[in-house]
Amino acid sequence: MGLGALSLASLLDPLDLRAASNQPPLPAGANTLAPRAPQFPGKAKAVIHIFAQGAPSHVDTWDPKPALTRMNNQTIGGDGVAMGSPFKFQHYGKSGIEVSDLFAKTAAHIDDMAVIRSMYTDIPAHDVATVFMNTGSLRITKPSLGAWTVYGLGSENKNLPGFISLRSGKLPAGGAANYGSAFLPGVYQGTSVNTQAKNVQQMIQNIRNNYVSKTEQRRQLDFIHSLNELHAQNLQHDAALESRLETAEIAFRMQTEATDVFDINKESAEVRAAYGNSQPGKQLLIARRLVERGVRFVQVWHDGWDHHQDLEERITTKAGEIDQPLAALMTDLKQRGLLDSTLVIWGGEFGRKPTKDKNGGEKPGRDHNAKAFSVVMAGGGVKGGIVHGATDEFGAAAVQDKVHVHDLHATILQCLGFDHTKLTYRFNGRDFRLTDVAGNVVKQILV
C-alpha cells in the first residue's frame with residue numbers, strides 16, 4: 001500500500017478544526033477530508049497555482065516601463081545602468097491592458113484577468129522567498145497555502161488527495177516545505193507528483209501493488225480498522241493512527257482513479273494540441289483534469305526563471321513554454337464552466353531590478369528585487385480586465401496600492417470563503433493562521 005507521495009503520519013490532533021466560527025469540531029473517526037462549508041459563500045471552489053520559480057522579470061512581462069526604455073544604457077538613480085525591456089508591450093482586450101509580447105496568447109484572455117503590479121516581499125533569496133510565498137513564513141516551518149485550503153474546505157474527491165503538487169523533475173527551491181502541512185495533520189499536505197515521468201506508474205511510485213491483490217488489500221485494511229475500533233473503545237482517541245488509516249485508504253483508492261486522471265492520452269488530440277508539447281502544457285492539462293474531479297488545490301511548478309544573464313533569450317524560452325498552455329487552460333476552464341469556480345494564479349517569489357546585472361557580461365540579465373513584482377489572477381471571484389497597483393517609473397519598487405505576500409494570501413482565502421483571521425489551528429498554545437498577524441484583503445480585485 002506504500003504510496004510514497006502520501007504522508008502516512010500526523011502528529012497533531014485533526015479534530016480541532018476551526019475552519020468556520022459556526023462549524024463544530026469533527027467527531028472522532030470522521031473523514032477529515034470530507035467536503036466542508038466555508039465561513040461564507042466563496043466564489044472559488046478550487047485553486048490552480050502556477051509557480052514561476054526563479055523570479056520572473058515583471059518589467060519584461062506584465063509591467064510596461066517606457067521610461068526605462070528611454071533611459072536604456074544610462075545610469076538611473078545611482079542603482080546601475082538601465083536595461084530597457086527588449087520586448088514590446090501591446091494593448092489587449094476591451095480593457096486595453098498592456099502585456100508583453102512574451103505572453104501574447106495568454107493576453108487574449110486579459111479581460112478575465114487581474115494583474116497585480118504592486119507586489120512586494122521581504123527577502124530576495126530564492127529558497128526563503130519561495131517558501132514564504134507558499135507558507136507565509138520566513139522562520140519556522142508552517143503549513144502551506146494548499147494545506148490550509150484543504151484544512152478549511154476538505155476535498156470533493158475521496159479517491160484522490162485534496163492537494164497535489166506537480167513538479168517536473170527535481171524538488172523546488174526550499175524543498176517539500178512548499179507543500180507541507182507542518183503542524184496541521186499530515187493528511188492535508190500536498191502529494192508531490194513528478195510529471196516528467198513517462199507514465200502514471202513512474203509519476204506516482206507504488207501506485208500499483210504487484211504482490212497483493214486488491215481484495216487482499218481491502219481485507220487487510222478492514223482488519224486494521226477493526227483493531228483500531230477496539231483500541232478506540234478502551235483507550236484515548238489516537239489522532240496519528242486515524243490520520244495513517246485515512247491516508248492508507250486514499251492510497252488504496254488511488255490505484256484506480258489516479259491511473260485515469262494522470263493519463264492525458266485520454267484527452268482528445270485536439271485538446272492535447274491546444275495545451276502543447278511542453279512540460280507545463282502536460283502539467284496544466286493534468287491540473288484541469290484534477291480540479292474537474294474535485295481536487296481542491298493543484299500546484300504547478302515551472303522553474304528556470306532566474307535570469308541574471310542572457311535575459312532576452314532565456315526568458316523568451318521560459319515564457320514560450322507556458323504562454324500557450326496557460327491560454328489553453330483559460331479557454332478550457334471557461335468552455336467547461338469551471339473558470340468561475342477555479343482560482344488561477346500565476347507568479348513567482350519576487351521580481352527583478354530594472355538595471356543590468358553587473359555579472360551579466362555581454363548578454364546581461366537582471367538581479368533579484370524584493371521591492372516589486374507582478375502576480376496575475378483569474379476566475380474564482382476575481383474581477384477581469386483590471387490592473388491593481390503600480391511600481392515607480394522604472395519598476396524598481398511598488399509605490400501605489402502595495403500588496404504584500406500576506407495580503408495576497410488573505411485575498412486568496414477570501415475567494416475561497418474564509419476570513420483569513422479566523423481560519424486558525426491551535427498549536428503550542430497559540431492560534432496560528434496562514435497570514436500570521438498581518439494581511440489585508442485586496443478588495444479592489446474581487447467581484
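Helices (H or I, at least four residues) and strands (E, at least two) are DSSP runs, numbered from the N terminus. I am working on a predicted model, where local features need pLDDT of at least 70, side-chain atom pairs count only at pLDDT 80 or more, and totals for chains, interfaces and linings use all residues. Residues are numbered from 1 along each chain as its sequence is written, and side-chain values use heavy atoms, with hydrogens and water left out.

**Whole protein.** I looked up burial next. Of 447 residues, 57% count as buried (under 20% relative accessible area; exposed is over 50%, partly exposed in between; 1.4 Å probe, protein chains only). The accessible surface is about 18,300 Å², and carbon and sulfur atoms hold 49% of that (Shrake-Rupley method, 1.4 Å probe; for residues, only the protein chains shown count as cover). I then checked contacts (heavy atoms within 4.5 Å). Among those with a separation of 6 or more, 77% link residues 24 or more positions apart.

**Helix 3.** I went to residues 145–153 and found nine of nine buried. Trp-148 and Tyr-151 are among them. What do these buried residues pack against? My list reads helix 2 (126–135), helix 10 (405–416), strand 5 (163–167), strand 7 (297–302), strand 16 (425–427) and strand 17 (430–432). Gly-154 follows the helix, with a positive phi near 70°.

**Strand 5.** I followed the packing to this strand. Five of its five residues are buried, so the rest of the structure largely encloses it. In a regular strand, side chains alternate between the two faces of the sheet. Here Phe-163, Ser-165 and Arg-167 are buried on one side, Ile-164 and Leu-166 on the other. Which strands pair with strand 5? Strand 7 does, parallel, over four bridges; strand 6 (residues 191–194) also runs parallel to it, joined by four bridges. Pairing needs at least two DSSP bridges between two strands. I noted Ile-164 opposite Val-298 in strand 7, and Arg-167 with Asn-194 as its bridge partner in strand 6.

**Surface patch.** Phe-223, Ile-224, Leu-227 and Leu-230 make a nonpolar patch of about 370 Å². Patch residues have over 30% relative accessible area and no salt bridge; like charges are joined within 9 Å, nonpolar side chains (Val, Leu, Ile, Met, Phe, Trp, Tyr) within 5 Å. A salt bridge is a side-chain nitrogen of Lys or Arg within 4 Å of a carboxyl oxygen of Asp or Glu. I placed Leu-227 in helix 5 (residues 214–234). Leu-227 is partly exposed, at 42% relative accessible area.
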